[in-house]
Amino acid sequence: MTIAVPELNIRPFELDDLAAVSGIEEACFDDPYPEYFFRQLSEANPATFLVALREKFLVGYAIMDRWADHYHLVSIAVHPEHRRRGVAQLLMTRLESPLASGRVIRLEVRKNNKPAIAFYTKNGYKLAGVEEHYYPDGEDALIMEKTHSSSFDHEPAEGKRGTSLLVG
């Protein structure tokens with residue numbers, strides 16, 4: 001039996017996507033970013049705010065911000081009903097591919113978010129530190145980072161392995 005999977009399209013965020021992105025944010029996070037923050041990010045980062053659509057429905061998004069000394073992965077989220085289908089991986093690959101080689105990419109992740117930690121580790125991110133009481137509920141954040149290399153300099157993300165942080 002063959003199961004057809006609808007095509008996934010990745011494109012830059014458009015202002016009309018704001019409500020759908022906010023809906024995904026609220027479905028995915030206990031402390032969601034407000035809509036005005038997404039609007040600001042879209043204005044500051046038009047090339048690195050991407051959305052994923054499946055059959056005209058927005059199912060995920062990813063945002064990378066450029067800071068003076070590094071890129072900052074602000075957020076990547078996939079609606080719970082569309083997880084484990086390659087959406088986050090495609091978003092990450094498309095988001096990272098045009099970035100300047102040699103720059104650090106940094107992110108924060110809840111220390112208890114094992115699926116996200118595994119995803120980032122699979123994509124070559126490594127533990128760089130801990131930010132205590134980072135989240136509004138007091139949970140610590142793991143700081144993860146990697147030095148970006150162009151797609152011509154390394155194997156595909158699927159083949160890269162970082163050091164696993166999922167101990168115990």
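What follows is a short chat about the pocket, the cores and a few residues of a predicted model.

Colleague: What should I know about the model before we start?

Modeller: This is a predicted model, where local features need pLDDT of at least 70 and side-chain atom pairs count only at pLDDT 80 or more, while totals for chains, interfaces and linings use all residues. Residues are numbered from 1 along each chain as its sequence is written, and side-chain values use heavy atoms, with hydrogens and water left out.

Colleague: What volume does the largest pocket have?

Modeller: About 1000 Å³. A pocket here is an open set of points on a 1 Å grid over the protein atoms alone, where a 1.4 Å probe fits, with protein on both sides within 12 Å along at least five of seven lines; lining residues have an atom within 4 Å of a point. Grid points are joined across faces, edges and corners, and the volume is the space filled by probe spheres set on them.

Colleague: How does the lining split by class?

Modeller: There are 20 nonpolar, five polar and nine charged residues. Ala, Val, Leu, Ile, Met, Phe, Trp, Tyr, Cys and Pro count as nonpolar, Asp, Glu, Lys and Arg as charged, and the others, Gly among them, as polar.

Colleague: Switching to α4: which of its residues are buried?

Modeller: Ala116, Ile117, Phe119, Tyr120 and Thr121. Buried means under 20% relative accessible area (1.4 Å probe, protein chains only). Their cover includes β4, α3, β5 and β7.

Colleague: What caps the N-terminal end of α4?

Modeller: Asn113 does, with a side-chain oxygen 3.2 Å from the backbone nitrogen of Ala116. Just after α4, Gly124 has a positive phi of about 90°.

Colleague: And the largest nonpolar core, how many residues?

Modeller: It has 26, and Leu73, Ile76, Leu91, Val109 and Tyr120 have the most contacts inside it. A core is a set of buried Ala, Val, Leu, Ile, Met, Phe, Trp, Tyr and Cys residues joined through side-chain atoms within 4.5 Å. A second, separate core of 15 residues includes Phe13, Phe38, Leu53 and Val74.

Colleague: What does Val109 contact?

Modeller: Beyond its neighbours within four places in sequence, its contacts include Ala116, Ile117, Tyr120 and Tyr135. Contact means heavy atoms within 4.5 Å.

Colleague: Is His72 buried or exposed?

Modeller: His72, in strand β4, counts as buried because its relative accessibility is 7%.

Colleague: Which side chain does it pair with?

Modeller: The side chain of Glu108, through a polar contact of 2.8 Å. A polar contact is a pair of N or O atoms within 3.5 Å; within protein, one must be able to donate a hydrogen and the other to accept it, and residues adjacent in sequence count only if both atoms are side-chain atoms.

Colleague: Where is Ser75?

Modeller: In strand β4. Ser75 is buried at 6% relative accessibility, and its side chain makes a polar contact of 3.1 Å with that of Tyr61.

Notes
Buried < 20%, exposed > 50% of the residue type's maximum accessible area, 1.4 Å probe, protein only. Helix = DSSP H or I, 4+ residues; strand = E, 2+ residues; numbered from the N terminus.
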